[in-house]
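Hi,

Here is the structure I promised to pass on. Have a look at it first, and then read on for my notes.

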Amino acid sequence: MSDLDSEVLPLPPRYRFRDLLLGDQSFQNDDRVQVEFYVNENTFKERLKLFFIKNQRSSLRIRLFNFSLKLLTCLLYIVRVLLDDPAQGIGCWGCPKQKFTFNESSSEINWAPILWVERKMALWAIQVIVAIISFLETMLLIYLSYKGNIWEQIFRVSFVLEMINTLPFIITIFWAPLRNLFIPVFLNCWLAKHALENMINDFHRAILRTQSAMFNQVLILFCTLLCLVFTGTCGIQHLERAGENLSLLTSFYFCIVTFSTVGYGDVTPKIWPSQLLVVIMICVALVVLPLQFEELVFLWMERQKSGGNYSRHRAQTEKHVILCVTSLKIDLLMDFLNEFYAHPRLQDYYVVILCPTEMDIQVRRVLQIPLWSQRVIYLQGSALKDQDLMRAKMDNGEACFILSSRNEVDRTAADHQTILRAWAVKDFAPNCPLYVQILKPENKFHVKFADHVVCEEECKYAMLALNCICPATSTLITLLVHTSRGQEGQESPEQWQRMYGRCSGNEVYHVRMGDSKFFCEYQGKSFTYAAFHAHKKYGVCLIGLKREENRSILLNPGPRHTLAASDTCFYINITKEENSAFTFKQEETRRGLKGPGRGQGSSRLPVHSIIASVGTVAMDLQNTECQPAQGGGGSKLALPTENGSGSRRPSIAPVLELADSSALLPCDLLSDQSEDEMTPSDDEGLSVVEYVKGYPPNSPYIGSSPTLCHLLPVKAPFCCLRLDKGCKHNSYEDAKAYGFKNKLIIVSAEMAGNGLYNFIVPLRAYYRSRKELNPIVLLLDNKPDHHFLEAICCFPMVYYMEGSVDNLDSLLQCGIIYADNLVVVDKESTMSAEEDYMADAKTIVNVQTMFRLFPSLSITTELTHPSNMRFMQFRAKDSYSLALSKLEKRERENGSNLAFMFRLPFAAGRVFSISMLDTLLYQSFVKDYMISITRLLLGLDTTPGSGYLCAMKITEGDLWIGTYGRLFQKLCSSSAEIPIGIYRTQSHVFSTSEPHDLKPQSQISVSMEDCEDTREVKGPWGARAGTGGGGGGGSGSMHGRHAVGGDPAEHPLLRRKSLQWARRLSRKSSKHAEKAAAEWISQQRLSLYQRSERQELSELVRNRMKHLGLPTTGYEDVANLTASDVMNRVNLGYLQDEMNDHQNTLSYVLINPPPDTRLEPNDIVYLIRCDPLAHVASSSQSRKSSCSNKLASCNPETRDETQL
């Protein structure tokens, strides 16, 4: 039996015509029994019905044959008309011919030319054969489709036309005189149209593919017009045989002129039958054509909604990507299109949008712009349907971007939809690269198979955490992942805007070292040597590399790492190397003994840096002694001295080509606890808890990267994590009772999601000193679950409390007056609103309130929509804010992707939107390494041997370095750190009202003498206002920069400047002087009014603190801030420096500035520090210093740190 089973012959093809008539006889002599299963197919009629009607392929062949037959009859009719000449005689078959002449004056009609035609014998025979075949086929189909009502079949229009065109020919076989009888064979064109419709339907059934309904409707409309014209042409030509005897071409011309409503009148029907036919044809056209056009318009409107199909021919010849979204908003669309098409290589790509909702009106308006209408195709459909994926030609796509709907109230449900879409696309097109955006980290492992995945909450919380210790990290990352040419702000009169806009064009690029002009000469050299010299020579910042044999990217692997030709280098530059032009310049004279120039360098980077040659400024390392910083507490880069005398001028050690192998000492960070030894102060009775370094034992979700952190030796009980309630282990009920040495970091969130875990990990990472650890307080609207508490109970100084950011009592209880940073996370419940851009209204108002109540607090705010960040600095009457608004509009008109970058809160890193990081996913299509590098910078991934992002502050004692290029050399030679940018804070003059002759301008463009005069006139008023406004709690006491003496004799400088101001004022017209004085008095009155408002706010806070039983001593300094301070913090959203009331600061980020950029006090430099656990080259001669914390002795047992 097994042999028989293995040798089963294939079944013969069924439903052939021979099988229908003879049956299947092939298995009659076989011993086996062939069993065939039928469903009412065992009769001869059912077999015929299956062959002619039910079976798609055979039915398609039958209809194609029928269609060809009808076209043949129409063609035979045209041949008969061309061969027939009525002038030669008219009559029946075999009868004598009679000639006919038309007489216009006679009203009688000769019917003989209409009834009789001349038909050749061969033509008659062919038409008879075709008529017999058509008649038999029609009768067979009537028989097979008969369902009990014969009259329904008989009175069908197609059956009537078939009988009119076939029966007369069959009758002429038996009655010869009728062989010349006119038969309207041209009516077969309608039967051909009907057969064509049925054939198209059978064709779709046979190939199981749905053609566009629009194509079918257009084809039907075209066939209807063609049949109308052909019927009118043939009918008028035949009837006019009794008239002017028009030719077939003339009749066709008349029909076209008539149906097009032109009506020249040069050709007209002469007899009433032809005139009647014209009337009938026009009426039929007026009835049939509007119905066809209505169907066409309806389908066109439906197609506009659904988007139609993406052409298969275009999919095979052109490249396209698919964007799958739940709902498409205009901001999301423009961000994607601007970022995607910013790359020159993607200009010829098509973008197919697959969205289940109907196209938005704004989106429709944008897609009608010629720039996008030719490249963007919108399809309404679901990614879960194979038909819609087939419409989008997903299997031919270059990539598929699946984005989550972050505005959904239930973000978990939005992630579930994204996961299903990713699964559906992977099942339908397994070879199509997937780029997936996930909102919650716990759902990330479901789409692990995707080529690139970006988890929004992971990146958001890690970025917010770094913002607390590395200012404006959000701005730094946002600028890095946006495509820009660095042309923003170049036409602005503000110097900071030009420099900030130029540096914003820096992006991350990659190149193979052996093929690079930037780095090929450093083959076999250390990484830090190549980084410094590449920056010195070309202005590029080398930040990391990837070995050929290793897929992991390493940021700043350290001086011990030597470069190989097969390495892939990652660097930051304005443009990639392939688009760079190299101009080599030779210096005529070398600076032999000259030190580095202190003047302003050229804006274009020369081949030789402004930094002097290493050999001329290098110190003799063997004679260098490591001395701690003097007087600064180890908080700055100390000047190198010789023999402790300080007589030798400042100099910087060279960057070694290769690290000294004898000096390579292992850095056992796990066992070295010397830096964490803390001695409790005398006035502090708290016991010191020893921390350990290890990996967190409980991860809240699958897929979190393990990070070495500071941990508690024993997990804290859940009751001890509650900040505002005591327990049996401790009785502390407020932040003051804990006696924290460092300022608090408060995070306000709606719920304790798993993403919040990524906020804690970077702040407790092993490479941060224990002395630098800030207490973290989670201010949550909802109580956290036990799984989250289990994950955070192992971290030191992490607490939570229930409360809301819009509740003053909650803020005071969580210790906001002892906090240095407050992070306001966008709440999920407010992300959706009836008006989209109103989703941030509550957050913006709450943050503005906190700015008024706590002016000294540094607040970082997350917004849903980036365009709403302009309200964080909104001042209706401020001329400078108005100028920034105009600049933003101008940059947007110029096509900038970062029009919002000049808003002061964004530039200072005080506000950001997670939607700005969508470009990270879009950029990964061209730069597949961007997600990995971003995760390394944010600390989400910790690759062994890879460095991490940190910051250092430039103090007054560090200004001897001079330029950014020399700082680069200093860091590379001493601590092997790679600087990548500067966070600069500078003074700036903001006018609260717009004078008639003063335009908004920076401090650089303002006369210093005018500024001094203005300050000195307003000083006494400010002093009296400060004295008179003293409230309780010492709020009336004078502080340093607010106090101005009342006796002019004590301040000769003030007296001299005041006289100068008075002389200039006297030279002006009296009218102008009166106007200036009036404005000055008005400003002082406003200042007095605002100071009283400040007192009211301070009194409110103190009363609430007393009511809650909290000490008010911590709020005294905050209460003494002036009204101008409060208003500036409220409206501008950045910290205020120690300057006068009308002179404030602005902050911005400079990514990879030129080497000749001058360092300024309070600059914060972003560093990529090498992995402390790796074997970093260090010796007693080359000091490992971090340029802002301390310069301790070179004992290898201690490790220097960076002061933030």
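**Cores**

The largest nonpolar core has 204 residues, and those that touch the most other members are Phe340, Phe401, Phe519, Ile543, Phe759, Phe795 and Phe854. By such a core I mean a set of buried Ala, Val, Leu, Ile, Met, Phe, Trp, Tyr and Cys residues joined through side-chain atoms within 4.5 Å. Buried is under 20% relative accessible area, exposed is over 50%, and partly exposed lies in between (1.4 Å probe, protein chains only). Helix α19 (residues 456-469) gives this core its largest share, nine residues. Another core lies apart from it, with 26 residues that include Ala315, Ile322, Cys400 and Ala429.

Before going further, a word on conventions. This is a predicted model, so please keep in mind that local features need pLDDT of at least 70 and side-chain atom pairs count only at pLDDT 80 or more, while totals for chains, interfaces and linings use all residues. Residues are numbered from 1 along each chain as its sequence is written, and side-chain values use heavy atoms, with hydrogens and water left out. Helices (H or I, at least four residues) and strands (E, at least two) are DSSP runs, numbered from the N terminus.

For all angles, axes are lines fitted to C-alpha atoms (for helices, over the stretch in contact), and values run from 0 to 180 degrees between N-to-C directions.

Strand β5 (residues 434-438) pairs with β6 in the parallel sense over four bridges, and tyrosine 435 has histidine 452 in β6 as its bridge partner. Contact here means heavy atoms within 4.5 Å.

The other open sheet to look at also has six strands with parallel pairing, in the order β15-β14-β13-β16-β17-β18. Its edge strands, β15 (798-802) and β18 (911-913), each have a single partner strand, so one side of each is left without a neighbour in the sheet. On average, neighbouring strands of this sheet are turned by 15° against each other, direction ignored. Strand β16 (residues 819-824) runs parallel to β17 (residues 858-863), and four bridges join them. Leucine 822 stands opposite isoleucine 859 in β17. Helix α28 (residues 841-853) lies across β16 and β17, at about 175° to β17.

Which side chain does lysine 193 meet in a polar contact? Its partner is the side chain of glutamate 197, at 2.8 Å. A polar contact is a pair of N or O atoms within 3.5 Å; within protein, one must be able to donate a hydrogen and the other to accept it, and residues adjacent in sequence count only if both atoms are side-chain atoms. Lysine 193 sits in helix α9 (residues 188-207) and is buried, at 15% relative accessible area. Leaving aside neighbours within four places in sequence, lysine 193 is in contact with Ile220, Cys223, Thr224 and Cys227.

Helix α11 (residues 248-259) has 12 residues that should span 16 Å at 1.5 Å a residue, and its end C-alpha atoms are 17 Å apart, which agrees. The expected span is 1.5 Å times one less than the number of residues. Leu248, Ser251, Phe254, Cys255 and Val257 are the buried residues of α11. After α11 comes threonine 261, with a positive phi near 60°.

Lysine 393, a residue other than glycine, has a positive phi near 55°. Lysine 393 lies in the loop between α17 (386-391) and β4 and counts as buried, at 7% relative accessibility. Asparagine 1152 also has a positive phi, near 45°; its place is the loop between β21 (1143-1151) and β22 (1164-1169), and asparagine 1152 is buried, at 5%.

Lastly, valine 692 in strand β11 (residues 692-694) is partly exposed, at 37%. Valine 692 and proline 713 are 21 residues apart in sequence and 6.0 Å apart in space, C-alpha to C-alpha.

Best wishes

Methods
Two strands pair if DSSP finds at least two bridges between them.
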